[in-house]
Amino acid sequence: MLNYVLVGLIFLLATFLTLARQKKTYKEIIKLVIDKTAYRTYLKFITAQAQLESNYGQSRLAKECNNLFGMKIPYIRQSFRIQDPNGVCGVYSKFASLEDSVRDYVLYLDYVKMPKTFYTIDQFGTFLKNKGYFTDPDYLSKLKKIYLKL
């Protein structure tokens with residue numbers, strides 16, 4: 001009987017360790033999704049933006065709504081958002097996964113016709129500012145500070 005219990009515990013531990021290893025970080029998820037898009041040269045820009053918007057993946061919006069970029073509910077463009085029947089996310093989009101959050105951000109970049117010719121975080125951030133993505137006057141300096149640490 002004790003042998004069966006030990007075997008069961010070992011199986012549970014092995015399963016837990018396997019699942020823990022399979023869980024990807026938000027940075028790995030961003031890389032996996034962005035590397036398959038025309039925005040792959042912007043990976044560091046996009047990662048810095050996700051870190052700023054989601055407080056390094058720790059914000060309530062990131063954890064409860066799988067929303068890494070602070071994306072609001074779109075009314076015109078396509079989106080990967082899902083229904084939020086309990087209203088947990090308020091005016092912000094809820095996603096089934098972090099992957100869908102990144103995919104939705106790519107849809108946004110396509111929608112605003114993000115050029116693929118920027119070489120600096122300043123060019124990238126200024127374009128987003130001109131598209132109304134953010135209003136915080138310190139956003140660009142915060143974004144650049146995070147970017148330089150990557």
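**Terms and values**

User: How do you know that the span of helix 3 agrees with its number of residues?

Analyst: The expected span of a helix is 1.5 Å times one less than its number of residues. Helix 3 (residues 43–54) has 12 residues and should therefore span 16 Å, and its end C-alpha atoms are 16 Å apart, which agrees. Helices here are DSSP runs of H or I with at least four residues, strands are runs of E with at least two, and both are numbered from the N terminus. The model is predicted, so local features need pLDDT of at least 70 and side-chain atom pairs count only at pLDDT 80 or more, whereas totals for chains, interfaces and linings use all residues. Residues are numbered from 1 along each chain as its sequence is written, and side-chain values use heavy atoms, with hydrogens and water left out.

User: What makes up the secondary structure of the protein?

Analyst: The protein has seven helices and zero strands. Along the sequence the pattern reads α-α-α-α-α-α-α.

User: Why is helix 3 called largely enclosed?

Analyst: A residue is buried under 20% relative accessible area, exposed over 50% and partly exposed in between, with a 1.4 Å probe and protein chains only. Nine of the 12 residues of helix 3 are buried, so the rest of the structure largely encloses this helix. Among them are Phe45, Ile46, Ala48 and Ser54. The cover over the buried residues includes helix 2 (26–34), helix 4 (60–65), helix 5 (98–111), helix 6 (121–130) and helix 7 (139–149). For the protein as a whole, 39% of the 150 residues count as buried.

User: Why is serine 54 called buried?

Analyst: Serine 54 is in helix 3. Its relative accessibility is 0%, and serine 54 therefore counts as buried. Contact means heavy atoms within 4.5 Å. With neighbours within four places in sequence left aside, serine 54 is in contact with Ser59, Ala62 and Leu68.

User: Why is helix 2 called oblique to helix 3?

Analyst: Two packed helices are described by the angle between their axes and the distance between the axes. Axes are lines fitted to C-alpha atoms, for helices over the stretch in contact, and angles run from 0 to 180 degrees between N-to-C directions. Angles under 35 degrees count as roughly parallel, over 145 as roughly antiparallel, 65 to 115 as roughly perpendicular and the rest as oblique. Helix 2 and helix 3 pack at about 140°, with their axes 10 Å apart. Helix 2 is therefore oblique to helix 3. Helix 2 contributes Tyr26, Lys27, Ile30, Lys31 and Ile34 to the contact, and helix 3 contributes Leu43, Ile46, Thr47, Ala50 and Gln51. By class, the residues of this contact are six nonpolar, two polar and two charged. Ala, Val, Leu, Ile, Met, Phe, Trp, Tyr, Cys and Pro count as nonpolar, Asp, Glu, Lys and Arg as charged, and the others, Gly among them, as polar.

User: What makes helix 2 oblique to helix 5?

Analyst: The angle between helix 2 and helix 5 is about 45°, and their axes are 9 Å apart. That angle makes helix 2 oblique to helix 5. In this contact, Tyr26, Ile29, Ile30, Val33 and Ile34 of helix 2 meet Leu98, Glu99, Val102, Arg103 and Val106 of helix 5. The contact of helix 2 with helix 5 has eight nonpolar, no polar and two charged residues.

User: How do you know that methionine 114 is buried?

Analyst: Methionine 114 has 2% relative accessibility and therefore counts as buried. This residue lies in the loop between helix 5 and helix 6. Leaving aside neighbours within four places in sequence, methionine 114 is in contact with Tyr39, Tyr42, Leu109, Phe124, Phe127 and Leu128.
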